[in-house]
Amino acid sequence: MRRVSIFGATGSIGQSTIDLIARAPQDYDVVALTGGQNIAQLAADAVRLGAQVAVTADENRLDDLRAALGQSGVKAAAGRAALLEAAAMPADWVMSAIVGAAGLAPGLIALQGGATLALANKESLVTAGPLLMATARASGARILPVDSEHSAIFQALVGEEISAVERIIITASGGAFRDWPMEKLAHATPAEAATHPNWDMGQRITIDSASMFNKALEVIETKEYFDIRAEQIEVLVHPQSMVHALVGFNDGALMAHLGAPDMRHAIGYALHYPQRRDLPVERLDLAALGTLEFRAPDEARYPALRLAREVMAAGGLSGAVFNAAKERALDGFIAGRIGFLQMADVVEAALAQMSSDGCHIDAEITLDNVHKTDQIARETADKIMARMG
Ligand code: NAD
Ligand code: MG
């Protein structure tokens with residue numbers, strides 16, 4: 001029996017993970033499930049899977065969680081400290097699927113304990129890539145990527161030397177607005193941005209897909225995880241989302257990974273690694289599909305991609321600034337305080353301001369410094385948005 005924990009169990013990735021685990025309950029000993037406001041879902045899954053503990057990140061919801069767990073025997077806990085305690089419970093495999101920078105610390109703790117970390121929380125690599133990778137090396141724990149693109153790259157690299165890689169191409173669907181004229185984008189609403197043509201995901205990543213901030217995060221994630229140079233990473237718009245990534249080698253060969261747009265591919269690969277097991281995902285019918293399209297992204301339309309390049313060139317804690325400012329800009333957009341195109345303006349201005357302040361970005365990448373920089377970046381982004389409004 002493998003001991004597994006799922007951080008962010010009530011979210012889109014968390015639920016897909018539970019779907020796979022619940023198909024073979026005899027194989028897993030569920031340690032901790034964590035969630036946020038969706039107490040009913042958290043409690044139902046914890047009881048169904050026989051988890052040792054269920055944790056809500058909201059300390060005010062402890063009584064609700066206790067009530068929902070009833071006499072099941074599952075322990076209830078609430079708040080940030082409880083979440084970190086749950087992350088320290090011994091486990092063999094941990095899914096990191098909290099959204100945002102809040103996912104970093106629990107993942108680090110799981111790695112310190114030696115668990116294999118299935119990493120959906122791309123923000124961990126963007127904000128603190130070198131720290132995360134060094135923590136894994138120090139404890140001998142493995143990080144397995146669960147972003148579809150990064151799982152695809154990982155799979156294309158099996159048996160290969162990273163030194164033979166010339167380039168890595170990650171694909172982007174283009175999100176909800178890929179065919180909208182620029183003039184219309186300024187007035188796009190959060191509801192319009194939160195519908196994805198191909199993938200069914202959480203609200204925040206879906207809006208980030210429309211703005212390409214998601215792809216910007218993923219480019220940085222690629223650099224940090226695979227330890228290659230920024231110039232070796234390319235983005236290709238591929239509306240069908242069937243090819244997830246391609247790895248180009250020094251002999252000119254390109255290895256592509258194809259699959260239906262279903263996160264259970266990447267989750268299942270990380271769950272069963274190094275084996276491959278049957279997964280309940282659609283099989284592609286390429287003849288029925290007929291055509292796969294690719295085109296270069298228009299960087300004028302997607303300033304997030306340019307900003308990602310600047311972040312990679314600056315290094316240090318600029319990823320933490322980028323992510324935190326993006327999270328606040330996204331909050332601002334969802335709340336109707338700024339327009340869709342202004343999200344990139346906020347992030348760019350926050351990066352410029354914090355780079356000129358110097359010290360924040362050059363500080364050593366420790367959890368403490370990431371938190372401090374994250375906090376200052378959020379305040380900086382808030383001030384910038386207040387001036388815009
Ligand atoms: P989601 O919004 O559906 O779920 C987020 C989960 O995190 C929920 O369980 C929520 O309760 C929890 N959470 C939110 N804020 C929290 C906080 N401050 N503290 C503790 N827990 C908190 O998100 P998602 O779409 O499942 O995405 C999760 C992560 O996986 C993100 O980092 C996202 O970028 C990444 N990812 C998602 C997909 C996808 O298909 N959904 C694909 C690739 C990568
Ligand atoms: Mg992805």
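Hi everyone, thanks for having me. Please keep in mind that the model is predicted.

Let's start with the overall build. The protein has 18 helices and eleven strands. Its radius of gyration is 20 Å, close to the 21 Å that the globule rule gives for 389 residues, so the protein is as compact as a globular protein of that length. If you box in the C-alpha atoms along the principal axes, you get roughly 55 × 50 × 40 Å.

Now, what about the inside? Of the 389 residues, 55% count as buried. And among contacts with a separation of 6 or more, 67% are between residues 24 or more positions apart.

The accessible surface comes to about 16100 Å², and carbon and sulfur atoms make up 50% of that. For charges, there are 33 positive and 47 negative side chains, with the centres of the two sets 2 Å apart.

Which residues coordinate the magnesium ion, ligand 2? They are Asp 147, Glu 149 and Glu 218, at 2.1 to 2.2 Å. Asp 147 sits in the loop between strand E7 and helix H7, while Glu 218 belongs to helix H11, so to speak a distant part of the chain, 71 residues apart. Along the chain, the spacing of the donors reads D-x1-E-x68-E.

Are Asp 147 and Glu 218 buried or exposed? Buried is under 20% relative accessible area. Asp 147 has 7%, so it counts as buried, and Glu 218, at 1%, counts as buried too.

Notes
Residues numbered from 1 in each chain as written. Chains lettered and ligands numbered in written order. Predicted model: local features only at pLDDT ≥ 70, side-chain atom pairs only at ≥ 80, totals over all residues. Heavy atoms only, no water. Helix = DSSP H or I, 4+ residues; strand = E, 2+ residues; numbered from the N terminus. Rg over C-alpha atoms; globule rule 2.2 N^0.38 Å. Buried < 20%, exposed > 50% of the residue type's maximum accessible area, 1.4 Å probe, protein only. Contact = heavy atoms within 4.5 Å. Areas by Shrake-Rupley, 256 points an atom, 1.4 Å probe, with all protein chains shown as cover. Lys, Arg positive; Asp, Glu negative; His and termini not counted. Charge placed at Lys NZ, Arg CZ, Asp CG, Glu CD. Donors = N, O, S within 2.8 Å, 3.2 Å for Na, K, Ca; no water.
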